[in-house]
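Subject: Structure handover

Hello,

Here is the structure for you to look through. My notes on it follow below.

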Amino acid sequence: MRITVTVDGTAYTDEVEPRTLLVHYLRERLGKVGTVVGCDTSNCGACTVHLDGHSVKSCSVLAVQADGCEITTIEGLSRDGQLHPVQQAFHDNHALQCGFCTPGMIMQAIDLLADDADPDEETVRNGLEGNLCRCTGYQNIVRAVRDAASRMEPGSGPEAEQVAEQTSVAGGSRAEVRQS
Ligand code: FES
Ligand code: FES
């Protein structure tokens, strides 16, 4: 089946098998290996990306279900060499050890902060309950998310910026189109 998706600001059109999982499409076809697979039971959250601005476990979505959608991965967060505030907060608060859970944690945290710009500790823990970390004990992750909240402007983030860019370009998106 033919799908067209926009991933980290670039449009792609590809033929995929109906059974292809979104995470496999992102990693194996597009080379977005920052999005990782940590389980085969949809439990770990390591594969979390944003689909039309909301976090999803990309191992539980078929690539064909993402047809026509806008996807943001961990690789689409930085701007002009600057880490996203949540990425920076994870770094500054030592919120990772092996780093395997980190891409999914960060994507989920950004979605959480879009819903609640100033979450308390319980809200952060509840919001991240679908993302597992086997290293850190979560304390510094929670601290990082709350630190990030204090650094972020409401409505900031890659999706908001992409919307602003697209609105400012007459006639539509500046995204490149790749076909295969
Ligand atoms: S790889 Fe574990 S939830 Fe997706
Ligand atoms: S830092 Fe190792 S799994 Fe979270």
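In helix α2 (residues 85-92), the buried residues are P85, V86, Q87, A89 and F90. Buried means that 20 or more other C-beta atoms, placed from the backbone, lie within 10 Å of the residue's own. Helices here are DSSP runs of H or I with at least four residues, strands are runs of E with at least two, and both are numbered from the N terminus.

This is a predicted model, in which local features need pLDDT of at least 70, side-chain atom pairs count only at pLDDT 80 or more, and totals for chains, interfaces and linings use all residues. Residues are numbered from 1 along each chain as its sequence is written, with chains lettered from A and ligands numbered from 1 in the order in which they are written.

The buried residues of α2 pack against α3 (102-115) and α5 (139-151). After α2 comes H94, which has a positive phi, near 50 degrees.

A109 touches V86, L128, V145 and A148, leaving aside residues up to four places away in sequence; contact means C-beta atoms, placed from the backbone, within 7 Å.

As for confidence, the mean pLDDT (the predictor's confidence in each residue, from 0 to 100) of the chain is 89, and 84% of its residues reach 70 or more. Over residues 166-177 the pLDDT is below 50.

Regards

Conventions:
Two residues are in contact if their C-beta atoms, placed from the backbone, lie within 7 Å. A residue is buried if 20 or more other C-beta atoms lie within 10 Å of its own, exposed if 12 or fewer, and partly exposed in between; C-beta atoms are placed from the backbone.
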